[in-house]
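Here is a short briefing on a protein model.

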Amino acid sequence: MARLVLVLIFTFPMMAFSQAGGKSRRFLFEINSMFGYGSAKIATDAAAPTIGSFNLGVGLGINIKKFTIGLGADYRILTQHSDVDPTVGNRRGTFISPTSLLIRINFEKIKFGLLLISNGSYDLTNITANGKKLKYTNPNGFRFDLIFKKFAKLTPLVFYESVNFSGSQLDGVPSVVSSNLNYSNFGAGIKYDF
């Protein structure tokens with residue numbers, strides 16, 4: 001994955017500058033804010049805790065004709081809406097994905113975006129029953145964005161996100177995961193283009 005990102009970072013700028021100039025911007029730089037609703041569930045959970053999310057993110061990329069390719073970074077605050085089940089625990093916390101591959105197809109009135117999430121961690125706010133800090137690691141998933149025609153530099157969007165975590169740490173020590181934790185949510189937001 002790291003090699004692919006490096007190839008894309010060094011190859012696509014050369015392709016972009018070799019093309020004839022147009023009216024569209026060559027580079028993408030945006031920030032976004034999103035609100036979502038979903039769940040954070042392990043297969044063995046008696047019930048899926050419902051989760052609300054608030055996301056702050058940034059995207060950097062290169063526009064090549066109708067395509068954009070680049071990197072995104074996101075910081076999510078997760079709150080639990082459902083009652084806490086003692087057998088499941090409280091899943092509120094923060095989920096940070098520092099570098100995700102961003103791919104977008106751009107049409108005049110709508111854009112389709114895909115963020116491929118392959119690193120980061122989901123840190124639970126509450127400690128475990130035996131007083132340890134729990135963190136879920138090794139994420140693998142995506143976020144699909146449907147981005148509408150922008151008004152000045154502000155653009156509304158809707159999204160769906162699904163990420164599986166296959167690892168965990170207790171007080172920084174790797175811990176065995178019997179079943180993956182799946183975090184999924186959908187919602188709406190707005191982004192600002194610079």
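On a 1 Å grid over the protein atoms alone, a cavity is a set of points where a 1.4 Å probe fits but cannot get out; lining residues have an atom within 4 Å of a point. Grid points are joined across faces, edges and corners, and a volume is the space filled by probe spheres set on the points. The structure holds two cavities of 30 Å³ or more. This is a predicted model: local features need pLDDT of at least 70, side-chain atom pairs count only at pLDDT 80 or more, and totals for chains, interfaces and linings use all residues. Residues are numbered from 1 along each chain as its sequence is written, and side-chain values use heavy atoms, without hydrogens and water.

**Cavities**

- The largest cavity has a volume of about 100 Å³.
- Its lining has 19 residues; Glu30, Leu102, Arg104, Arg143 and Asp145 lie nearest the centre.
- By class, the lining of the largest cavity holds nine nonpolar, four polar and six charged residues. Ala, Val, Leu, Ile, Met, Phe, Trp, Tyr, Cys and Pro count as nonpolar, Asp, Glu, Lys and Arg as charged, and the others, Gly among them, as polar.
- The second largest cavity has a volume of about 50 Å³.
- Residues lining the second largest cavity include Met34, Arg143 and Tyr183.
- Four nonpolar, four polar and three charged residues make up the lining of the second largest cavity.

**Aromatic rings**

- Rings of Phe, Tyr and Trp (its six-membered ring) pair if their centres lie within 6.5 Å; planes under 30 degrees apart count as stacked, over 60 as edge-to-face and the rest as tilted.
- The whole structure has eleven aromatic pairs.
- In one of them, the ring centres of phenylalanine 95 and phenylalanine 165 are 5.1 Å apart and the planes stand at 75°, so this pair is edge-to-face.
- Phenylalanine 95 and phenylalanine 165 are both buried (under 20% relative accessible area; exposed is over 50%, partly exposed in between, with a 1.4 Å probe and protein chains only).
- Phe95, Tyr122, Tyr136, Phe165 and Tyr183 form one aromatic cluster.

**Aspartate 193**

- Aspartate 193 has a relative accessible area of 7%, so this residue is buried.
- Its side chain makes a polar contact of 3.0 Å with the side chain of lysine 191. A polar contact is a pair of N or O atoms within 3.5 Å; within protein, one must be able to donate a hydrogen and the other to accept it, and residues adjacent in sequence count only if both atoms are side-chain atoms.

Key:
On a 1 Å grid over the protein atoms alone, a cavity is a set of points where a 1.4 Å probe fits but cannot get out, and a pocket is an open set with protein on both sides within 12 Å along at least five of seven lines; lining residues have an atom within 4 Å of a point.
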